[in-house]
Amino acid sequence: MQRDMLRTANELVKRGHQVEIFTMRWDGDLPDAKKPNPIKVHVLPQTGWFNYQRYQKFIDAAFERINAGNFDYVFGYNRMAGLDAHFAADPCFIERAHQQRSFFYRLLPRYKWFAACERAIFAKDQKTEVLAVSLTEKPHFQKWYGIQDNRYHYIPPFLSPERFILQDKQVMRAYLRDSFGFGAEDFVYLLTGSGFAMKGLDRAILAMAALPADLRVNTRLVAVGQDNPKTFNQMAKKLGLQNNVLISKGRPDIPQLMQGADACVHPAYRENTGLVILEAMACGAPILVTASCGYASHVAEADAGIVHDMPFNQELFNQQFLEMRQSPQKQTWSEHGLNYSKAIMNANDGSAEALILIELALRKAAILKRGALHD
């Protein structure tokens, strides 16, 4: 989502628009302030006992500046009142709260705050436009809030051709194995994404434990992402997999690791999209995913791996995990994924979000102008 935000900002600037970004924190290099028409970044850190309290302070601070400025259009990546448009990257909060949480959770101030922010975006009586990279969650938002179809704008997935330049497969295999100290002939499953609990790392570890012993001895599972690995390392050790499971913090070389992996696995409990699924396909990696991921449909459409239907069944998933290890289809899945991802790159060159926002901003300006003339 952060990459999407900065790419969209740059596309808007390229088309002559001025962009200012409001955020609680900025990691990495700031946009070049010396460029003509530079992107202005306002970093507004906040304090508070709970995250939703910090978020509310940030919203208040940001809109104090926004309301004092002369902004034509306000586009938000987090849910909050006052937006002209919202980038819907997250699942429906209230749906998850009712399906996965207890009644008592819904009595907490945290729940009430996030539910109110979501309603401010999606309710039928609101005017906020919604940009979405997946339509998986749309039925949930319509069920709870009645959002109209004409406020929902679908964005084709974006894959950067520069980020996914294919390199020699054997070189990438050696690169991955050298990076983690594996044997040259080890079979490697790769799981990527922050938030290992939601990404289903536990499911992958259990599937590793279920492999036949003669295959397991030279099979590795690498998980890369920003999360505390302690629980999963303990789980692997308890199952005798401390030599089979390796958990790494986030790295910038994910495309290279994907190109060197024998298979990618993404058994997420629930995910609105799952961009890593398309990234794996763009790297030629066969992939095993759960149907609870919004982008799992692309795997099925492309025939680029195996989609585990819901409800989740660990025993069946174990069999599919083994199939990814043994199937002669891996090369075919790889080729299908590569071809499919090329079509995705052609469908969205990175400008789709910016073009939609420009159209919506022009529409808003026209409405305001008509209102002024009427007055």
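Figure 1. Asp303 is placed in the loop between helix H13 (296-302) and strand E12, and its phi is positive, at about 55°, although Asp303 is not a glycine.

**Figure 2. Asn37, in the loop between strands E1 and E2**. The loop that holds Asn37 runs between strand E1 (20-23) and strand E2 (40-43), and within it Asn37 has a positive phi of about 50°, although this residue is not a glycine. The relative accessibility of Asn37 is 27%, so Asn37 counts as partly exposed.

**Figure 3. The cis peptide bond between Met310 and Pro311**. In the predicted model the peptide bond that leads from Met310 to Pro311 is cis, and its omega is near 5°. Pro311 belongs to the loop between strand E12 and helix H14 (314-326).

**Figure 4. An open sheet of 6 strands with parallel pairing**. Read across the sheet, the strands follow the order E9-E8-E7-E10-E11-E12. Strand E9 (245-248) and strand E12 (305-308) stand at the edges and each have a single partner strand, so one side of each is left without a neighbour in the sheet. From one strand to the next, the twist averages 20°.

**Figure 5. The largest cavity, lined in part by residues of strands E7 and E10**. A search of the whole structure for cavities of 30 Å³ or more finds 1, and the largest cavity holds about 40 Å³ of space. The residues that line the largest cavity are Leu190, Leu191, Thr192, Met258, Cys264, Val265, His266, Val276 and Ile287. Strand E7 (187-192) and strand E10 (263-266) each supply at least two residues of this lining. Divided by class, the lining of the largest cavity has 7 nonpolar residues, 2 polar residues and no charged residues.

**Figure 6. The second largest pocket, with helix H16 giving the most to its lining**. The space in the second largest pocket comes to about 370 Å³, and 15 residues line this pocket, of which Asp84, Lys127, Thr128, Glu129 and Lys364 lie nearest its centre. Helix H16 (residues 352-374) contributes 5 residues, the most given to the lining of this pocket. By class, the lining of the second largest pocket comprises 7 nonpolar, 3 polar and 5 charged residues.

**Figure 7. The crossing of helices H12 and H15**. The axes of helix H12 (residues 275-282) and helix H15 (residues 330-347) come within 7 Å, and they cross at roughly 115°. On the H12 side the contact involves Leu278, Met281 and Ala282, which meet Gly337, Leu338, Tyr340, Ser341, Ile344 and Met345 in H15. Sorted by class, the contact of H12 with H15 has 7 nonpolar residues, 2 polar residues and no charged residues.

Terms used
Residues are numbered from 1 along each chain as its sequence is written. This is a predicted model: local features need pLDDT of at least 70, side-chain atom pairs count only at pLDDT 80 or more; totals for chains, interfaces and linings use all residues. Side-chain values use heavy atoms; hydrogens and water are left out. Two strands pair if DSSP finds at least two bridges between them. Helices (H or I, at least four residues) and strands (E, at least two) are DSSP runs, numbered from the N terminus. Axes are lines fitted to C-alpha atoms, for helices over the stretch in contact, and angles run from 0 to 180 degrees between N-to-C directions. On a 1 Å grid over the protein atoms alone, a cavity is a set of points where a 1.4 Å probe fits but cannot get out, and a pocket is an open set with protein on both sides within 12 Å along at least five of seven lines; lining residues have an atom within 4 Å of a point. Grid points are joined across faces, edges and corners, and a volume is the space filled by probe spheres set on the points. Ala, Val, Leu, Ile, Met, Phe, Trp, Tyr, Cys and Pro count as nonpolar, Asp, Glu, Lys and Arg as charged, and the others, Gly among them, as polar. Buried means under 20% relative accessible area, exposed over 50%, partly exposed in between (1.4 Å probe, protein chains only). Contact means heavy atoms within 4.5 Å.
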